[in-house]
Structure formats: structure tokens, C-alpha cells
Amino acid sequence: DILNAFDPIVLNVANSQRLQEECDVLALSMSKHAGTIVLSEYKAVMLASLRSLVREWDSHHEVAWSWMWENVERMLKAVLYKPAPQQKALQLFYNRLDETAM
């Protein structure tokens, strides 16, 4: 789920309201999985992957990507285990949209 949401999260990191929306939708999706979700483990994998993909990786990259993920993680933790009211509101929103809006 995180991998699918990663692109919109990164693209909207400068827009805090939109970033929160992306995190809210991701939290809804993640809440459907059983068990404990350890977000810090994703950070370690994300950073290791980025290090191998970016040739000129340096401490500035490390700080920037760590900052981004720590903010996302904070937003996710705030709503991760509170999905029921949000799921209902999201379903009502989707039901009100016509097909052209989707």
C-alpha cells in the first residue's frame, strides 16, 4: 500500500493539506491489514533503496528523505487506527460524485 501511495506523497510534500489527504487515504488502506504496522521499517527500506538508485547520494539526501518520511509517519500514526468514521465519510463522498468526476 505504501509503495502505491509513495508517488503522490512525494509529489505533494510541499503542500501540507494535500499531503495530509494522501496520508489519510493511505491510512484507510493500511487499516484493512491485520497485525501491527511498523512504519519505521519502511523508512529503513526506503532509504536503502534510494541509496542504491541515486549515484550522488550524500548527507543532504539522507536528511531530506528522512525528514519527509518522519513527517509522513507522524501523519499516518495520528490517523492509522481511526479509520471507521473516515471510511464512512469517504464512501459518502464517492457516492455523491458522478462518473465524470471520477
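1. The buried residues of α4 are S66, M68, W69, N71, V72, E73, M75, L76 and V79, where buried means under 20% relative accessible area (1.4 Å probe, protein chains only). This is a predicted model, in which local features need pLDDT of at least 70, side-chain atom pairs count only at pLDDT 80 or more, and totals for chains, interfaces and linings use all residues. Residues are numbered from 1 along each chain as its sequence is written, and side-chain values use heavy atoms, without hydrogens and water.

2. Helix α4 covers residues 59-79; because its 21 residues at 1.5 Å a residue should span 30 Å, the 31 Å between its end C-alpha atoms agrees.

3. The axes of α4 and helix α3 (residues 39-53) come within 10 Å and cross at roughly 155 degrees. The two helices are therefore roughly antiparallel (angles over 145 degrees). Contact, meaning heavy atoms within 4.5 Å, involves residues including M46, L47 and L50 of α3 and W65, W69 and L76 of α4.

4. Residue E22 lies in helix α2, residues 16-30. E22 counts as buried because its relative accessibility is 13%. Its side chain makes a polar contact with the side chain of R18 at 2.6 Å (a pair of N or O atoms within 3.5 Å; within protein, one must be able to donate a hydrogen and the other to accept it, and residues adjacent in sequence count only if both atoms are side-chain atoms). Leaving aside residues up to four places away in sequence, E22 touches P8, I9 and N12.

Methods
Helix = DSSP H or I, 4+ residues; strand = E, 2+ residues; numbered from the N terminus. Expected span 1.5 Å × (residues − 1). Buried < 20%, exposed > 50% of the residue type's maximum accessible area, 1.4 Å probe, protein only. Axes fitted to C-alpha atoms, helices over the stretch in contact; angles between N-to-C directions. Parallel < 35°, antiparallel > 145°, perpendicular 65-115°, else oblique.
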